[in-house]
Amino acid sequence: MPHFIDIFEPHYKKLLASCERQKISVNLDIQDLTVNIRDASPVDNFLESEIRRALRNCKAGDKITLAEASDSQNIKISIKNSGRATLTDSEKAALREQGYEVRARFGYDTVVSINISR
């Protein structure tokens, strides 16, 4: 089984390069980079699509936070951005259909999360 760091690292490196060019801050709130991920594909797809979405929504001065929290049964990975644009109702519905948690309101941060079982 791969560790979270194995999946996370290539996405993080690309994000850093993009954020440096666009003057966007990056924050990390990672509990355990060594947590085992049973199936890397959903995590990899989530990171790819939601980092891309966060970059599209942000402008210079905004920030993107990548977070991971885990307990004995679940691992929650979240991507939060402070971009001024929020998700449309149809975007929120499509993300929820994929099993993602979504918190997005105009004027507040947008947070998209995936929960996976250990």
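Buried residues account for 39% of the 118 residues in the protein chain. This value, like those that follow, was computed from a predicted model. The protein chain exposes about 6,900 Å², and carbon and sulfur atoms supply 47% of that area. Along the principal axes, the C-alpha atoms fill a box of roughly 35 × 30 × 20 Å. For 118 residues, a compact globule would have a radius of gyration near 13 Å; the 14 Å found for the protein chain therefore agrees with that expectation.

The secondary structure consists of 3 helices and 5 strands. Read along the sequence, these elements follow the pattern α-β-α-β-β-α-β-β. Of the contacts in the protein chain with a separation of 6 or more, 71% are made by residues 24 or more positions apart.

The packing of two helices was examined next. Two packed helices are described by the angle between their axes and by the distance between those axes. Helix α1 (residues 4-22) and helix α2 (residues 40-57) pack at an angle of about 10°, and their axes are 10 Å apart. Because angles under 35 degrees count as roughly parallel, α1 and α2 are roughly parallel to each other. On the side of α1, the contact is made by Phe4, Ile7, Phe8, His11, Lys14, Leu15, Ser18, Cys19 and Gln22. Helix α2 contributes Ala40, Val43, Asp44, Leu47, Glu48, Ile51 and Leu55. Sorted by class, the contact of α1 with α2 has 10 nonpolar, 3 polar and 3 charged residues.

Two lysine residues were then considered individually. Lys23 is found in the loop between α1 and β1 (25-30). Most residues other than glycine have a negative phi. Lys23, although not a glycine, has a positive phi of about 65°. The relative accessible area of Lys23 is 58%, and this residue is therefore exposed, since the term applies to values over 50%.

Lys92 lies in helix α3 (residues 89-97). The relative accessibility of Lys92 is 15%, so this residue counts as buried, the cut-off for that class being under 20%. When residues up to four places away in sequence are not counted, Lys92 touches Leu87, Val102 and Ala104.

Methods
Residues are numbered from 1 along each chain as its sequence is written. This is a predicted model: local features need pLDDT of at least 70, side-chain atom pairs count only at pLDDT 80 or more; totals for chains, interfaces and linings use all residues. Side-chain values use heavy atoms; hydrogens and water are left out. Axes are lines fitted to C-alpha atoms, for helices over the stretch in contact, and angles run from 0 to 180 degrees between N-to-C directions. Helices (H or I, at least four residues) and strands (E, at least two) are DSSP runs, numbered from the N terminus. Angles under 35 degrees count as roughly parallel, over 145 as roughly antiparallel, 65 to 115 as roughly perpendicular and the rest as oblique. Contact means heavy atoms within 4.5 Å. Ala, Val, Leu, Ile, Met, Phe, Trp, Tyr, Cys and Pro count as nonpolar, Asp, Glu, Lys and Arg as charged, and the others, Gly among them, as polar. Buried means under 20% relative accessible area, exposed over 50%, partly exposed in between (1.4 Å probe, protein chains only). The radius of gyration is taken over C-alpha atoms; the globule rule is 2.2 Å times the number of residues to the power 0.38. Accessible areas come from the Shrake-Rupley method with a 1.4 Å probe; for residues, only the protein chains shown count as cover.
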